[in-house]
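Hi there,

Here is the structure I promised to pass on to you.

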Amino acid sequence: MTSNRPYLLRALYEWISDNGLTPYLLVDAAAEGVRVPPGAAKDGRVVLNIAARAVTQFEISNDHVRFLARFGGVSQSVHVPMAAVLAIYAQENGQGMMFSADNAPTEPPPAAPQPDEAPKRPHLRVIK
C-alpha cells in the first residue's frame, strides 16, 4: 500500500485552514531532497508557515509539498519530500498530527506471553 501521510497531510491542512487557524509544517531539514532557504533550519529541523496567505503555488502531492514563500523579503522555492514531513499543526493551539519516520525499522509486535502453568481459577467469591 502507498503511504497514508499525503492523504492525512491534505486533510489536516484543510481542517486547520477551515477553522481559521494557521497551518505549520515541521520538516526534517537534513532529509534527502529537502530544499529550504539556508539559515531557515535550526537543529536539523525547520518550521514552515503554509497558510494560504503566506505561500503561493502551494501543492501537496503524494510525493512532496512544494510552494513559494518569502524569506527575509525574498521569494524562494521550497520543496519538501513527503518522508521529510514530521508534523502538521495549528500555530494557535498546537492541534495537529506528528508522523512517524518512514524509514524507521518496523519491529513486530511482542508475542503474547506463554503461560507457564495451567490457567488459575478466578478468585471471586459471592458476598451476601
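This is a predicted model: local features need pLDDT of at least 70, side-chain atom pairs count only at pLDDT 80 or more; totals for chains, interfaces and linings use all residues.

Four strands form an open sheet in the order 2-1-6-7, and their pairing is antiparallel. Strand 2 and strand 7 (96-98) are the edge strands, each pairing on one side only. From one strand to the next, the twist averages 20 degrees. Five bridges join strand 1 and strand 2 in the antiparallel sense, and Asp 28 has Arg 45 in strand 2 as its bridge partner. Helix 1 lies across strand 1, strand 6 and strand 7, and runs at about 20 degrees to strand 6.

In soluble globular proteins, nonpolar side chains tend to be buried together. Here the largest nonpolar core has 25 residues, and the members that touch the most others are Leu 9, Leu 25, Leu 48, Val 65 and Ile 88. At least two core residues come from each of helix 1 (5-18), strand 1 (23-28), strand 2 (45-49), strand 3 (55-60), strand 4 (64-71), strand 5 (74-81) and strand 6 (85-90). Helix 1 is the biggest contributor, giving four residues.

Setting aside neighbours within four places in sequence, Ile 88 is in contact with Leu 9, Leu 12, Tyr 13, Ile 16, Tyr 24, Leu 25, Ile 50, Gly 96, Met 97 and Phe 99.

Now for a histidine. His 79 sits in strand 5. Its relative accessibility is 15%, and because buried means under 20%, His 79 counts as buried. Which residues does His 79 touch, not counting those up to four places away in sequence? They are Gly 33, Val 34, Arg 35, His 64, Val 65 and Arg 66. A polar atom of the His 79 side chain lies 3.3 Å from the backbone oxygen of Gly 33.

A search of the whole structure turns up one salt bridge. In a salt bridge, the side chains of Arg 66 and Glu 59 meet at 3.4 Å, N to O. Arg 66 counts as partly exposed, because its relative accessibility is 33%. Glu 59 is also partly exposed, with a relative accessible area of 32%.

Note on methods. Residues are numbered from 1 along each chain as its sequence is written. Side-chain values use heavy atoms; hydrogens and water are left out. A nonpolar core is a set of buried Ala, Val, Leu, Ile, Met, Phe, Trp, Tyr and Cys residues joined through side-chain atoms within 4.5 Å. Buried means under 20% relative accessible area, exposed over 50%, partly exposed in between (1.4 Å probe, protein chains only). Contact means heavy atoms within 4.5 Å. A polar contact is a pair of N or O atoms within 3.5 Å; within protein, one must be able to donate a hydrogen and the other to accept it, and residues adjacent in sequence count only if both atoms are side-chain atoms. A salt bridge is a side-chain nitrogen of Lys or Arg within 4 Å of a carboxyl oxygen of Asp or Glu. Two strands pair if DSSP finds at least two bridges between them. Axes are lines fitted to C-alpha atoms, for helices over the stretch in contact, and angles run from 0 to 180 degrees between N-to-C directions.
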